[in-house]
Amino acid sequence: MEAQAKQVLLITGLSGAGKTTAIKTMEDIGWETVDNFPIRLVNNLLDTPLPSSRDDIDPPLAIGFDSRTRGFEPAKLIDRIKSLQENKNYLISTLYLDCTDDELERRYSETRRRHPLALDRPAKEGIAFERSELEPLKRWADLIIDTSTLSSNDLQHNIRQQFAIEDTGKTVVTITSFGFSRGLPNNIDLLFDVRFLNNPFWDENLKLMTGLDDQVSKYISKDSSYNEAMSRFEDMLKFLLPKYQEAGKSYVNVGIGCTGGRHRSVHVAEALSNNLHEAGFSTTVTHRNLASRPMEALEAMQKPVGNRGI
């Protein structure tokens, strides 16, 4: 019996268009992933055997690269891809992530990140230069996803639908952190309110940090209610998620809310996702308000009790 060709997906596109999200989602659905990999070395990668612990599993491979990747030259990359496609042992395809200039500018402004090709210039100039550089790859790509109007969650669902290895029947769990003072997210199936936990916002040393920072996480986890609350949240989700799966529900959206959506909800969402993932569930985390500006007026919508802000 002839061996089936191994599927290899090359993922590229404009910086800020969602490559990191796409790569992470591919990994979540069972693909082997490598990011920022020099395409000139791809033959070495393909010839490298899998670890002995995985010798019975040979998942499809997703390779991410962009204008920041060493040796990035679009014309030579296309020639390299053409030569790879001549190898009948591999099924090579290319995904290009696109986005409008205005939306990319907005994303860089909102996250306060510098464009990698315009570190000392306006982001607009870096975006224009990169778009020109990547145009040959965009024309060459087998699939183009325009993320201009897509949220991170939308892009994840798009990737899952198009590149799922097989229908395993597992329910996909999306955990979204958010701030109640900025409104409820759409399409939430299960909602956990964590405003009862100590609020780092009222600590001047932690106010400008987020729930991704170790100092904030340690502060939150010292709350006397934290361990029991997390245990109960996990127990409830581990009980309910298989029930949703039995009912044929493909996606479950879990909302974790605090006041501003930058501290408590972010930390709890990450912790729950990690624990559920270890328990065998497919989880994805999004932080709706992580890049939002901290505002005392919003936090004060819930009058502080001690340092809790509930």
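Predicted model: local features only at pLDDT ≥ 70, side-chain atom pairs only at ≥ 80, totals over all residues.
## Overall make-up

The protein chain has 310 residues, and 45% of them count as buried. Its secondary structure consists of 10 helices and 9 strands. The accessible surface is about 16400 Å², with carbon and sulfur atoms contributing 48% of that area.

Contacts across the sequence can be sorted by separation. Among contacts in the protein chain with a separation of 6 or more, 80% are between residues 24 or more positions apart.

## A sheet of four strands

Four strands form an open sheet in the order β7-β8-β6-β9, and their pairing is parallel. The edges are taken by β7 (190-193) and β9 (282-287); each has a single partner strand, so one side of each lacks a neighbour in the sheet. On average, neighbouring strands of this sheet are turned by 20° against each other, with direction ignored.

Strands of a sheet pair through backbone hydrogen bonds, in either a parallel or an antiparallel way. The pairing of β7 with β8 (residues 251-258) is parallel and runs over 4 bridges. Within this pair, Leu191 has Gly255 of β8 as its bridge partner.

## Helices across the sheet

Two helices lie across strands of this sheet. Helix α6 (residues 152-163) lies across β6 (172-179), β8 and β9, and runs at about 155° to β9. Helix α9 (residues 264-278) also lies across β6, β8 and β9, at about 170° to β9.

Helix α9 contains 15 residues and spans 21 Å from its first C-alpha to its last, close to the 21 Å expected at 1.5 Å a residue. Its buried residues are Arg264, Ser265, Val266, His267, Val268, Ala269, Ala271, Leu272, Ser273 and Leu276. An α-helix has 3.6 residues a turn, so residues three or four places apart point the same way. After α9 comes Gly280, which has a positive phi near 100°.

Ser15 is found in the loop between β1 (6-13) and α1 (19-28). Its relative accessible area is 2%, under the 20% limit, so Ser15 counts as buried.

The side chain of Ser15 makes a polar contact of 2.7 Å with the side chain of Glu130. Apart from neighbours within four places in sequence, the residues in contact with Ser15 are Ser67, Arg68, Leu104, Tyr108, His115, Pro116 and Glu130.

Conventions
Residues numbered from 1 in each chain as written. Heavy atoms only, no water. Pairing = 2+ DSSP bridges. Axes fitted to C-alpha atoms, helices over the stretch in contact; angles between N-to-C directions. Contact = heavy atoms within 4.5 Å. Buried < 20%, exposed > 50% of the residue type's maximum accessible area, 1.4 Å probe, protein only. Polar contact = N/O pair within 3.5 Å; in protein donor to acceptor, adjacent residues only side chain to side chain. Areas by Shrake-Rupley, 256 points an atom, 1.4 Å probe, with all protein chains shown as cover. Expected span 1.5 Å × (residues − 1).
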